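Subject: Structure handover

Hello,

Here is the structure for you to look over. My notes follow below it.

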Amino acid sequence: MPSVVSLFSGCGGSDAGVIKAGFNVLMANDILPYARDVYINNHPQTDYILGNIKNIASFPAAELLIGCYPCQGFSQGGVRDASRKINYLYLDFARALKDIKPKAFIVENVSGMVRKNFKHLLDDQINTFSAIGYNVKFSVLNAADYGVPQQRKRIFIVGIRQDLGIDYIFPAPTHGPNCTNAYRTIKEAIFDLPLWPVGEYYDLDFHWYYLSRDRRQDWNEISKTIVSNPRHMPLHPVSPLLYKVEHNIWKFVSDAPARRFSYKEAARLQGFENLIFPETDASSMNNKYTVVGNAVPPALFHAVAKALPDIWG
Ligand SMILES: C[S@@+](CC[C@H](N)C(=O)[O-])C[C@H]1O[C@@H](n2cnc3c(N)ncnc32)[C@H](O)[C@@H]1O
């Protein structure tokens, strides 16, 4: 089994994907206590180091390095500021890459990084990883195209060590109009969960910003993007439809009760099958939503990892 070091591992969405693809995650790291709690309850075999990446001086040997450094600086949901310190955590990933020199690496990040005003940061990452000795490719993939019931576009940067003389080819979509499988729907993902799971969904008011766009999809559609901030979580299809009043103003068609997806539904819509949410000192509802919304859909990471050439022997 090829070995993996995972950085910015969160609750383990990316790692569930590589584990399913046949890899063994030796070490994982994140700064968020509840991400650690969820991860080790779901993958107890991994050595999870809780803390700032900057305090990790050396890394174990591994054949694959994966990492999804944070993205607030480029994110649609966050403040888009190319100069923010958080945008430079890729340098810690590069430090690990230099130290481990694995056969390959995979990075996931928000697709906003390909925008013109952030392009220099993407170029810096690609140049840094190339200079360490990797053939680097990147592509924006939509999770829905790989069997996740959610529109979620993310950039993947994949590198293969130059001495292996092989280029990476991104996997073709497996779900959707030109594929043998139809897109997975909200209904397929959550039909068996209770309609009103009190205590499992964020139920504060729908503020003006929330109602500045249509947040609802029907049962037979694909979910809108699952985000980490529960205030912005899409609506459950049990909610009434929204109609457009004018630019940036939407209203419910009736006074029937409406609600956001619960954190358990959000996990299903990210493609987690049965994610365990342990009750710990850090297990607030907010933290449950945060770790799920931050995660990479396991099926998407699985598709990218599975497409790595056989360089492990
Ligand atoms: C996009 S999320 C990673 C999601 C994860 N790969 C998954 O699939 O569940 C980015 C993560 O980086 C973590 N992080 C942010 N700053 C960090 C730091 N200085 N050291 C370690 N982890 C950090 C955040 O807590 C967050 O969980």
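Start with cysteine 11. Cysteine 11 is buried, at a relative accessible area of 2%. Keep in mind throughout that this is a predicted model.

**Cysteines**

How many disulfides are there? The count is 0, taking sulfur atoms within 2.5 Å as the criterion. Cysteine 11 takes part in no disulfide, and its nearest cysteine sulfur belongs to cysteine 68, 11 Å away. Cysteine 179 is partly exposed, because its relative accessible area of 24% falls between the 20% and 50% limits.

Now the parallel part. Strand 1 (residues 3-7) runs parallel to strand 2, with 4 bridges joining them. Valine 4 has valine 25 in strand 2 as its bridge partner. Strand 1, helix 1 (residues 13-20) and strand 2 form a β-α-β unit, and it is right-handed.

Strand 2 also pairs with strand 3 (residues 47-50), again in the parallel sense and over 4 bridges. Here alanine 28 is bridged to tyrosine 48 in strand 3. A right-handed β-α-β unit is made by strand 2, helix 2 (residues 33-42) and strand 3.

Is strand 2 enclosed or open to the outside? Strand 2 (residues 24-30) has 5 of its 7 residues buried, so the rest of the structure largely encloses it.

The antiparallel example is strand 5 with strand 7 (residues 153-161), joined by 7 bridges. Phenylalanine 105 has glycine 159 in strand 7 as its bridge partner.

**Helices 3 and 4**

Helix 3 spans residues 90-100. Its buried residues are Tyr90, Asp92, Phe93, Ala94, Ala96, Leu97 and Ile100. What do they pack against? The list is strand 1, strand 4 (64-67), strand 5 (104-110), helix 4 (119-132) and strand 6 (134-142). Just after helix 3, lysine 101 has a positive phi of about 50 degrees.

Helix 3 and helix 4 pack with their axes 10 Å apart, at an angle of about 10 degrees. They are therefore roughly parallel, as the angle is under 35 degrees. On the helix 3 side, the residues that meet helix 4 are Tyr90, Phe93, Ala94, Leu97 and Lys98. Helix 4 answers with Asp124, Gln125, Thr128, Phe129 and Ile132.

**Helices 2 and 7, and lysine 288**

Helix 2 and helix 7 pack at about 70 degrees, with their axes 9 Å apart. That angle lies between 65 and 115 degrees, so the two helices are roughly perpendicular. Tyr34, Ala35 and Val38 in helix 2 meet Asn287, Lys288 and Val291 in helix 7.

Lysine 288 sits in helix 7 (residues 285-294). Is this lysine buried or exposed? Lysine 288 counts as buried, because its relative accessible area of 5% is under 20%. Beyond its neighbours within four places in sequence, lysine 288 contacts Tyr34, Tyr263, Phe277, Glu279 and Ser283. Isoleucine 190 is 98 residues away along the chain, and its C-alpha atom is 17 Å from that of lysine 288.

**Serine 223**

Where is serine 223? Serine 223 is in the loop between helix 5 (186-190) and strand 8 (242-246). Its relative accessibility is 1%, so serine 223 is buried. Which residues does serine 223 touch, not counting those up to four places away in sequence? They are Pro149, Gln150, Gln151, Ile186, Gln217, Pro234, Phe261 and Leu269.

Best wishes

Terms used
Residues numbered from 1 in each chain as written. Predicted model: local features only at pLDDT ≥ 70, side-chain atom pairs only at ≥ 80, totals over all residues. Heavy atoms only, no water. Buried < 20%, exposed > 50% of the residue type's maximum accessible area, 1.4 Å probe, protein only. Contact = heavy atoms within 4.5 Å. Pairing = 2+ DSSP bridges. Right-handed = clockwise from strand over helix to strand, strands pointing away. Axes fitted to C-alpha atoms, helices over the stretch in contact; angles between N-to-C directions. Parallel < 35°, antiparallel > 145°, perpendicular 65-115°, else oblique.
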